[in-house]
Amino acid sequence: MSTTDPGTQNFPLAAEGREALEAAAREQRALTPTERVIASVEAYTPEEAAERTLANEMLADSRPGVRQPLLLNLGPNHPSTHGVLRLIVELDGEVVREVTPVIGYLHTGIEKQCENKTWWQAITLVTRMDYLAPFANIKAYTMSVEKLLDMEVPARAEWIRVLLAEMNRIASHLVWLGTSGLELGAMSVFFYCYRERDELLDLFEMVSGERMNHRYFQVGGCSDDLPPGFVERVRTFAKEMPGRIDEYEALLTGNPIWKDRMEGVGVLPAEELLALGVTGPTLRAAGIPHDLRKVAPYSGYEHFQFDVPTSTKGDSFARYLVRVQEMRESLRIIEQVLDGLPEGPVISDDRKVVLPPREELAYSMEALIHHFKLVSEGFKVPAGEAYAAIESPRGEMGCYTVSDGGPKPHRVHMRDPSFVNLQATAPLCRGGYLADLIAIVATIDPVMGGVDR
Amino acid sequence: MPQEAALTMIIQAAVVVGVVFSAFAGLTVLERKLIGRFQARRGPNRAGPFGLLQPLADIGKLTFKEDFVPAGANPWVFRLAPMIPVIAAVAALSLIPFGGVHEWFGVTITFYGTDLGVGVLVLLALSSLGAYGLILGGWASGNKYSLLGAARNAAQLVSYEVALGLSIVGVVMISGSLSLVDIANAQAGGLWYILLQPVAFVVFMIAAFAETNRTPFDLGEAESELIAGYNLEYGSVKFAMFMAAEYVAMIVISAFAATLFLGGPNGPFLPGFVWLGIKIAALLFIFIWVRATLPRFRYDRLMKFGWKVLIPVAMANVMVTAVVVGLGFAN
């Protein structure tokens with residue numbers, strides 16, 4: 001559809017582009033690059049467009065015989081943009097010349113809302129950010145708060161956290177593998193991956209009562225011990241899963257079409273990825289073995305034997321192989337946790353922060369007072385700031401918290417890997433095909449809940 | 001007699017179209033059921049016993065949907081486009097020999113619509129005509145995704161048509177006829193041509209996947225990139241027509257392959273049309289199986305594969321066959 005098409009004038013995009021232009025005129029400033037693109041997407045009548053910068057440039061070339069790019073608005077409602085990512089793509093035939101990601105369609109304001117909640121109520125909110133890695137979200141947040149409180153976490157709690165974080169990594173990678181398969185047309189892989197992910201969700205439900213958005217980790221440990229039968233079930237899962245991963249690989253790894261779609265697609269040198277702040281499997285696939293579990297061990301990761309899978313190619317296929325290998329490594333960690341799970345309490349006994357055990361309320365006045373104070377007011381955290389980072393399935397998930405000494409956080413900020421990694425979209429996709437763009441966005445694996453917090 | 005002949009003709013046509021459209025309905029359920037099983041789920045099982053009435057439910061639903069034309073569309077082309085593939089696919093049916101000539105109740109009944117001397121060429125022409133519906137539909141929708149889908153379809157059509165045509169040349173050379181009935185009869189006593197022309201059969205099947213826009217060549221409607229490509233703006237009965245055309249085209253091309261390479265209606269004990277049905281079903285199963293297994297090609301690779309692999313292979317096959325037939329080994 002050309003910009004002169006009368007049918008386009010009633011489209012919501014037109015209104016959006018107009019708003020951007022009016023805002024810029026009102027504030028007497030130049031359009032931002034994103035606004036320029038939004039404004040030029042099928043927004044104007046020729047008269048209006050003649051006055052606009054980018055639209056003008058493009059219309060100037062609309063004489064017959066002159067090549068002009070095709071602006072394609074991919075998303076926010078598009079089956080393969082991982083939720084509500086919007087990509088404005090400038091196409092030359094099927095070749096992508098420029099990509100402008102537009103984010104903010106899933107903005108929840110969770111970071112801001114946390115400031116109105118007590119420290120422990122905020123846990124419920126942060127799990128909902130990166131909804132495919134809820135345990136990673138809470139882990140980063142609680143670690144950061146524990147740092148501020150200078151608190152010791154019992155060994156059993158840390159091991160349980162490691163166990164669930166690794167199970168979560170597998171669950172997240174399964175969603176990634178399934179949807180990537182779907183996006184490249186390999187429909188069946190999606191169902192196989194979700195079959196296994198469902199088992200994981202059942203296990204999460206067993207331990208936390210919820211299939212998603214678990215509120216299981218607490219400041220100081222875990223809210224409860226593992227339920228009976230859980231360890232056995234995880235063991236069965238860990239035994240079966242390698243065979244299942246072999247199945248996925250049998251369908252995909254050697255498949256000539258799959259390789260053809262992935263190999264040599266979306267390559268950026270490691271230095272550029274580092275300059276963009278990219279972390280996680282995307283960076284490791286380019287040859288840099290940066291994994292916080294090894295580089296800056298937390299939660300006792302230094303006790304476990306596991307490898308950090310890397311590749312030197314840096315293309316989509318390398319990212320695929322790295323993630324599949326990571327699932328296997330996670331299984332190794334899970335088995336080690338199950339074998340060596342220490343006995344003991346699952347939460348700290350610091351009564352100023354942690355709720356007293358339920359039965360104590362019946363006979364201890366002290367416990368009752370603590371319980372009342374914690375539930376009504378929340379615990380106080382010494383003034384200061386802390387940053388704690390963990391390796392989420394997508395990369396470095398950091399949580400920066402600031403306390404003013406009160407029962408509520410002054411600021412909670414997440415360094416979400418999805419958000420940072422998304423910066424690599426345009427440089428990775430430029431010059432590729434439209435179909436590659438889908439594959440590349442899939443292998444970056446952004447979760448919009450994490451991007452738009 | 002002419003009236004009688006015309007009546008027989010009409011009844012024949014009605015029976016064939018009826019049977020094939022029922023087969024199309026059955027095929028949609030079969031595909032969804034089979035893919036369900038391939039994907040570790042059950043597939044449709046709510047409408048009727050084992051979900052067998054699912055096509056009726058689908059048609060009922062689609063019929064009651066609003067039949068609209070988008071604002072940016074070219075209305076007449078948009079309305080006409082879905083009819084082209086249906087007409088082409090149904091017309092192609094008349095060329096398929098479902099069996100021999102029978103004498104029932106004093107009436108001579110032929111199990112094929114027409115026996116054209118150039119049946120193979122007409123069938124090829126009709127199958128490419130069908131693709132025009134997709135291209136025009138995508139173009140007329142006034143949507144960029146549809147346009148890209150249509151452009152992909154056009155490119156795909158041009159590339160794979162050649163391979164499809166070349167793969168048939170070997171069979172034509174061996175049988176010495178362009179008539180589908182003659183080709184089927186030529187295989188009656190002797191070997192099926194799949195044994196004489198295995199390479200041609202493989203090339204034909206690959207090109208057939210591309211002709212019918214099936215995975216891994218379903219670039220025109222790649223749902224993950226182009227959402228639904230050419231049929232993005234279509235709804236209601238127009239969408240159903242595109243669907244019907246795709247599935248009838250699959251049945252036709254399977255029947256075509258069965259006639260050319262698998263001996264057509266020939267086979268022991270059972271009547272001809274049963275044998276042809278079995279062969280078509282086997283080929284359709286391959287179509288569905290492949291869809292459940294393979295990812296989609298990328299546009300440029302599709303073209304490369306077509307021009308640099310498929311066509312040279314088909315060419316080489318034609319040359320080898322020509323030499324063998326020329327030296328008189330074919331008989």
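Contact here means heavy atoms within 4.5 Å of each other. On that basis, in chain A, 68% of the contacts with a separation of 6 or more are between residues 24 or more positions apart.

Before going on, the ground rules. This is a predicted model, in which local features need pLDDT of at least 70 and side-chain atom pairs count only at pLDDT 80 or more, while totals for chains, interfaces and linings use all residues. Residues are numbered from 1 along each chain as its sequence is written, chains are lettered from A and ligands numbered from 1 in the order in which they are written, and side-chain values use heavy atoms, with hydrogens and water left out.

Chain A first. Chain A holds 20 helices and eight strands; these are DSSP runs numbered from the N terminus, with helices being H or I of at least four residues and strands being E of at least two. Of its 453 residues, 59% are buried. Buried means under 20% relative accessible area, exposed means over 50%, and partly exposed is in between, with a 1.4 Å probe and protein chains only.

Chain A is assigned two domains: domain 1 covers 12-102 and domain 2 covers 114-452. Those bounds come from an automatic or database domain assignment. Taken over C-alpha atoms, the centres of the two domains of chain A are 36 Å apart.

What do domain 1 and domain 2 of chain A bury between them? About 1600 Å², with 70% of that on carbon and sulfur atoms. Buried area is the accessible area, with a 1.4 Å probe, that two parts lose on being put together, summed over both. A:His82, A:Leu85 and A:Val96 supply 38% of the area that domain 1 of chain A buries against domain 2 of chain A, more than any other three residues. In residue terms, 20 residues of domain 1 of chain A contact 18 residues of domain 2 of chain A.

The rule finds one salt bridge across this domain interface of chain A. A salt bridge is a side-chain nitrogen of Lys or Arg within 4 Å of a carboxyl oxygen of Asp or Glu. A:Arg430 and A:Glu98 pair in a salt bridge at 3.2 Å, N to O. Four residue pairs are in polar contact across the interface of domain 1 and domain 2 of chain A, both residues at pLDDT 80 or more. A polar contact is a pair of N or O atoms within 3.5 Å; within protein, one must be able to donate a hydrogen and the other to accept it, and residues adjacent in sequence count only if both atoms are side-chain atoms.

The largest share, six residues, comes from S3(A). By class, this side of domain 1 of chain A has twelve nonpolar, five polar and three charged residues. Ala, Val, Leu, Ile, Met, Phe, Trp, Tyr, Cys and Pro count as nonpolar, Asp, Glu, Lys and Arg as charged, and the others, Gly among them, as polar.

Now the two chains together. In all, 30 residues of chain B contact 37 residues of chain A. The buried area between chain B and chain A is about 2900 Å², and carbon and sulfur atoms give 58% of it. B:Lys144, B:Pro295 and B:Arg298 supply 25% of the area that chain B buries against chain A, more than any other three residues.

How many salt bridges does the rule find across the interface of chain B and chain A? Three. B:Arg152 forms a salt bridge with A:Glu94, with the closest N and O atoms 2.6 Å apart. Polar contacts between chain B and chain A come to nine residue pairs, both at pLDDT 80 or more. Helices H1 (2-38), H6 (144-175), H11 (272-293) and H12 (299-326) of chain B each give at least two residues to the side that touches chain A. H6(B) gives the most, with four residues. That side of chain B divides into 13 nonpolar, seven polar and ten charged residues.

Last, one residue. A:His78 sits in the loop between S1 and S2 of chain A. Is A:His78 buried or exposed? A:His78 is buried, at a relative accessible area of 6%. Not counting residues up to four places away in sequence, A:His78 touches A:Gly83, A:Ile438, B:Tyr145, B:Ser224, B:Glu225 and B:Ile227.
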